[in-house]
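Please open the model in your viewer and keep the sequence panel beside it. The tour below moves from one selection to the next and says what can be found at each stop.

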Amino acid sequence: MEQHHDTYEVAICGAGPVGLALAALLARRGIDGRRIALIDARALGQSISDPRSIALAWGSRMLLEEIGAWPFPATPIHSIHVSRRGHLGRSLMDRDEHDLDALGYVTRYGEVVDALARAVDRAGVEVIRPARVASLDEGADHVAITLDDGRTLTSQVAVGAEGGVFGQQEDKARTRDYGQSAVIARVSSSSPIPHRAFERFTDEGPLALLPQDGADGHHYALVWCVKPERAQALQAMEESRFLAELNDAFGGRLGRFTKVSPRMSYPLGLNAEAHATTRTVAIGNAAQTLHPVAGQGLNLGLRDAAVLARLLARCPGPEGIGRFLDERAQDRKLTIALTDAMARAFVGSGPLQSVFGLGLATLDAVKPARTLLAEVMMYGRRGGSSFLPHRQG
């Protein structure tokens, strides 16, 4: 096959939300779109049709707004209710305490991709899909990227933004199998509470219900973390039995669960490493795959994209990558530690769980602590190196 040679300033491998956001942000920061290559194995239509539900923090909305990828269909979260099944104590975070329109939003993966793809198109970025990276060869002054169709690209910097799920990735420096799988589905209830999200910790793992409205009313995106064998059983159950099991695990705050969509599941684990070389760097799920508790994975990745775009626009090449690792270290460390602790601390039974339940009650009573946790979830670690175009609240 005839070989083609193209030269770019930045090549991004992976056109999920994080890769797309990085491309749009680089163009907005002044890099010519024609000097940015965005490579992905999937056709755009496949990504746009992806029905998975995702949670966007308020800070992520601000980022999307800046690059013209907002608004799109999304359900705002006005409050978040956190509890421990079978134990006293709960905490409630509300948008009014932060003077914001919402704490976050729930939408489809495909909606985010669609909005970002249009922003990338307007910026004139060269998108190469469907294409897979066959090999990557780093030289002294460039990176050579060979695609599976025989085409060769050269770039000053190559960014890994291809995620994947835990269990299908190579092990990174820090890895942990939680012994859980997430069962995901869309559910309806008899007494929904509009715009309220729930994080309920059970003996097997957290159970999240995220408000996701449709033309036919109020619904919830379910993320139910259980042991792998239990996940298989839940997937195989008839609808009526599954709903009964869900009612038992969650309780009666939303009345009775009345309907569930087809269910899917995937394994859960931590797989993280701040990987970089002189001219390559990993961001998003390519750098850190997290437990879905608190919905921080995508939002952490978008913060990676924002900071990397700012630094590469100012300091092209190796200097920008070096600064990126330094500036992102604290936010990554804090977010990984927070999700890892939440995924493990509330699992199991016994007296310690009562202590954790009382801890939730204490959190609810101490406003500064509750405010700090909410801000970490909305913005990441705020300070020194902000990824935000401006701040509110």
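How many residues does the hairpin use to join β9 to β10? The hairpin passes from β9 to β10 through 4 residues. The model is predicted, so to speak a computed picture throughout: local features need pLDDT of at least 70, side-chain atom pairs count only at pLDDT 80 or more, and totals for chains, interfaces and linings use all residues. Residues are numbered from 1 along each chain as its sequence is written, and side-chain values use heavy atoms, with hydrogens and water left out.

**First stop: the strands around β10**

Select residues 133–138, which form strand β9, and then residues 143–147, which form β10; helices (H or I, at least four residues) and strands (E, at least two) are DSSP runs, numbered from the N terminus. The two strands run antiparallel and are joined by 5 bridges, where pairing requires that DSSP finds at least two bridges between two strands. Within this pair, Leu136 has Ile145 of β10 as its bridge partner. Of the 5 residues in β10, 4 are buried, and the strand is mostly covered; buried means under 20% relative accessible area, exposed over 50%, and partly exposed in between, with a 1.4 Å probe and protein chains only.

Val143 stands opposite Ser155 in β11. In the hairpin of β10 and β11, with 4 residues between the strands, look for Gly150, which takes a positive phi near 95 degrees.

From β11, move on to β18, which pairs with β11 in the parallel sense over 3 bridges. Here Val159 stands opposite Val281 in β18.

Next, look for the second largest pocket, which has a volume of about 830 Å³. Its lining takes two or more residues from each of β9, β11 and β18 (280–282). On a 1 Å grid over the protein atoms alone, a pocket is an open set of points with protein on both sides within 12 Å along at least five of seven lines, a cavity is a set of points where a 1.4 Å probe fits but cannot get out, and lining residues have an atom within 4 Å of a point. Grid points are joined across faces, edges and corners, and a volume is the space filled by probe spheres set on the points. Of the 28 residues that line this second largest pocket, Cys13, Gly160, Ala161, Glu162 and Ala286 lie nearest its centre.

To display its lining, select Glu199, Pro206, Leu207, Ala208, Val223, Cys225, Pro292 and Val293. Cys225, one of the lining residues, counts as buried because its relative accessibility is 2%.

**Last stop: His81**

Finally, select His81 in strand β5 (residues 79–84), which counts as buried at 7% relative accessibility. Leaving aside neighbours within four places in sequence, His81 is in contact (heavy atoms within 4.5 Å) with residues including Arg90, Leu92, Phe198, Glu199 and Arg253.
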